[in-house]
Amino acid sequence: MAEVVGRVLSVASECVPLIKTGGLADVVGALPAALGELNWEVSTLLPAYSGLMAKLSAPAEVWSDADLFGGAARIFSGSIAGQRFLFLDAPHLFDRPGGPYSIEGRDHPDNSVRFAALSWSAAMVAETGLSDGWKPDIVHVHDWQTALTPYYLTRRDTGTPTVLTVHNMAFQGIASRQELEMLRLSTDDYNPELLEYYGNISTLKAGLVTAHAITTVSQTYADELMRPEFGMGLEGVIASRAEDTHGIVNGIDETIWNPQSDPGVTPYSAAKLSGKASNRGNLLAEFGLSDISGPLAILVSRLTYQKGIDLLPAALPSFIEAGGGLAVLGTGEPSLEGAMLEAAQRWPGRVAVRIGYDEALSHRMFAGADAVLVPSRFEPCGLTQLYGLRYGAIPVVSSTGGLADTVIGATPASLAAGAATGVTFTTIDEIGLSQALRRLVELYADKSVWTAMQKRGMKSDLGWRRAAQSYVSVYEQIQFR
Ligand code: ADP
C-alpha cells in the first residue's frame with residue numbers, strides 16, 4: 001500500500017448509501033474512494049441516526065463527551081464497504097423517528113442544536129484527535145449543517161485547515177439570535193461580518209467567513225453565487241472570498257451508475273447500444289405508457305420551484321403532439337405533485353407519474369429513457385444530467401450552474417465539431433423549455449446524429465478522479481500555506 005499523504009475528516013449530515021435526501025449524499029459517499037486512489041485517507045463523520053449504528057462493522061469507541069449540547073455522546077469508528085466511518089452516537093439529538101431534518105414534512109424543532117453539536121464534535125476531533133491516535137490534517141465540511149466546524153476551530157485557534165463545500169446556497173442554516181449561547185457562539189461574533197444574517201444567525205455564513213477554502217460544485221455556480229439572484233443574500237460574502245473559492249464539478253459513482261453492470265437493467269454500452277431498446281420497452285410497460293413515436297423523456301427530481309417543474313405543463317402540449325412521452329418520478333411541493341398528476345390525467349398513455357422516492361426505479365428509468373429533463377432555475381451541479389449522459393439519455397437542461405458546465409448543447413457548430421451531448425436553453429421559462437423540447441424531437445428524428453450524441457455522452461469522463469484531483473490541490477494549498 002502506498003503511503004498516506006494526508007488525512008481528511010469529512011463531516012456531513014448525509015452519505016450514500018446510508019442516508020440520502022439529495023446530491024450532497026452522493027458526493028460525500030463517493031469522494032473518499034476517489035481520494036483514496038490518490039493516497040488521501042478519509043474518515044467520514046456522520047450523526048448516528050436511528051438504526052445506523054447496526055450497519056457499522058467492528059465499532060470501537062474513539063471519543064466521548066459527557067455533555068454534548070444536553071446529553072452524553074460518543075463517537076464510534078468502524079468500516080462499511082471498505083470505507084472508514086465515525087458515527088456520532090448522541091441519542092438525545094439523533095435517535096428519533098423521521099428523516100435527518102424533518103418528520104412528516106415538519107423540521108425537527110432543534111435542528112440548529114443538532115447540527116451545531118455535530119459541528120462541535122468534529123472540531124473537537126480535529127483539535128485533539130481520536131483515542132486511537134487518528135488526527136486529521138484537513139477538515140472538509142459540507143453545507144450549513146456542518147459549517148460551524150470551521151468557526152469553532154477558528155475561535156479555538158487550532159489552525160487546522162478547513163474546507164467548506166457549498167452544495168446549495170439556498171439552505172443557509174438560519175437560527176434565531178436567541179440561540180447564540182446555546183449553539184456555543186460568541187456574542188462578540190454576532191455582527192454582519194460573521195454570524196449575523198438579517199437579524200438571525202446563519203451557520204452557512206459563519207462557515208463561509210471562517211473556512212480556509214470554499215468549494216462549490218461547479219465553476220459556473222461559483223461565479224453565479226457572486227450575483228444576488230443566486231447568492232441569496234450571501235453574494236457579498238462569497239465575493240469577498242473569491243480568491244479562496246473553487247468550482248469543482250461532481251463526478252458520478254461509476255460502479256453504481258453503469259449500464260453494463262446495473263443489476264436492474266438489460267446491459268448495454270456505447271459499443272453495443274442494442275440493449276437499450278429492451279429497457280425502453282420495459283419502462284413504457286412499467287409506467288403504463290403506450291408506444292411513443294418520439295423521444296421518451298424522464299424527470300427524476302425533487303418537485304420544487306428550484307427544479308423548474310412548474311415550467312413543464314405549459315411546455316408539454318407541443319412535445320406530446322410531436323410524439324413525445326414523459327415518465328416522472330419525484331416528490332416535493334404538493335402543488336407541483338398535483339400539476340404532474342394532472343398532466344398524467346390529461347395525456348393518459350403519454351405522461352405517467354410516480355410520486356415517491358425510489359432509487360432502483362430511477363436506474364430503470366435512465367436505462368429506458370431517450371432523454372432526461374433538468375429545467376432547473378438554478379442548479380449548483382446537478383446529477384441527473386450526468387446519469388443521463390452515462391445511460392445514453394440525452395440531457396435537456398437549462399444553461400445554469402453545473403448544467404452549463406457538463407452538457408454541450410446541440411447547435412449546428414457543436415454538432416459539426418462532434419462535441420454536442422445534449423440540448424440546452426438559456427431563457428429559463430416555459431418558452432425556453434418548449435423550444436428545447438422541439439429541438440429534442442428534431443434531433444431524435446435524425447438517428448445518426450442522435451446515436452452519435454448518445455455515444456459521446458456515454459464515453460465522456462464522468463468519474464470522480466478529476467474532481468478528487470481538484471480537491472487534493474485545494475487541500476494542498478491550504479495545508480502548506
Ligand atoms: P438535489 O441535490 O438538488 O436534489 P441533484 O441532481 O444534485 O439534486 O441530486 C438529486 C439526487 O437525488 C440524484 O441522485 C437523483 O437521482 C436523486 N433523486 C431525486 N429524486 C428522486 C426520486 N424521487 N427517486 C429516486 N431518486 C431521486
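Two strands count as paired if DSSP finds at least two bridges between them. The legends below use that sense of pairing. The model shown is predicted.

View 1. Along the principal axes, the C-alpha atoms fill a box of roughly 65 × 50 × 45 Å. Buried residues account for 59% of the 481 residues. Take the contacts in the protein with a separation of 6 or more: 70% of them link residues 24 or more positions apart. The accessible surface comes to about 18500 Å². Carbon and sulfur atoms contribute 52% of that surface.

**View 2. Nine strands form an open sheet with mixed pairing.** Read across the sheet, the order is E3-E4-E5-E2-E1-E8-E9-E13-E14. Strand E3 (57–65) and strand E14 (245–247) stand at the edges. Each has a single partner strand, so one side of each is left without a neighbour in the sheet. On average, neighbouring strands are turned by 25 degrees against each other, direction ignored. Helix H5 (residues 148–155) packs on this sheet. Helix H5 touches strand E8 (138–142) and strand E9 (162–166). The direction of H5 makes about 140 degrees with that of E8.

**View 3. Strand E5 (residues 83–89) pairs with strand E2 (residues 40–47) in the parallel sense.** The pairing runs over 5 bridges. Leu45 has Leu86 of E5 as its bridge partner. Ser43 stands opposite Arg84 in E5. Strand E5 is mostly covered, with 6 of its 7 residues buried. For a residue, buried means under 20% relative accessible area.

**View 4. Strand E4 (residues 73–80) and strand E5 run antiparallel.** They are joined by 7 bridges. In one of these pairings, Ile80 has Gln83 of E5 as its bridge partner. E4 and E5 form a hairpin with 2 residues between the strands. In this hairpin, Ala81 takes a positive phi near 45 degrees.

**View 5. Helix H1 (residues 23–37) packs against helix H19 (residues 465–479).** Two packed helices are described by the angle between their axes and the distance between the axes. Here the angle is about 75 degrees, and the axes lie 9 Å apart. Angles of 65 to 115 degrees count as roughly perpendicular. That makes H1 roughly perpendicular to H19. From H1, Leu31, Ala34, Leu35 and Glu37 make the contact. From H19, the residues in contact are Arg465, Ala468, Tyr471, Val472 and Tyr475.

**View 6. Ala242 sits in the loop between helix H9 (235–240) and strand E14.** Ala242 is partly exposed, with a relative accessible area of 34%. Partly exposed residues fall between the buried limit, under 20%, and the exposed limit, over 50%. Ala242 and Asp223 are 19 residues apart in sequence. In space, their C-alpha atoms are 8.9 Å apart.

Notes
Residues are numbered from 1 along each chain as its sequence is written. This is a predicted model: local features need pLDDT of at least 70, side-chain atom pairs count only at pLDDT 80 or more; totals for chains, interfaces and linings use all residues. Side-chain values use heavy atoms; hydrogens and water are left out. Helices (H or I, at least four residues) and strands (E, at least two) are DSSP runs, numbered from the N terminus. Axes are lines fitted to C-alpha atoms, for helices over the stretch in contact, and angles run from 0 to 180 degrees between N-to-C directions. Contact means heavy atoms within 4.5 Å. Buried means under 20% relative accessible area, exposed over 50%, partly exposed in between (1.4 Å probe, protein chains only). Accessible areas come from the Shrake-Rupley method with a 1.4 Å probe; for residues, only the protein chains shown count as cover. Angles under 35 degrees count as roughly parallel, over 145 as roughly antiparallel, 65 to 115 as roughly perpendicular and the rest as oblique.
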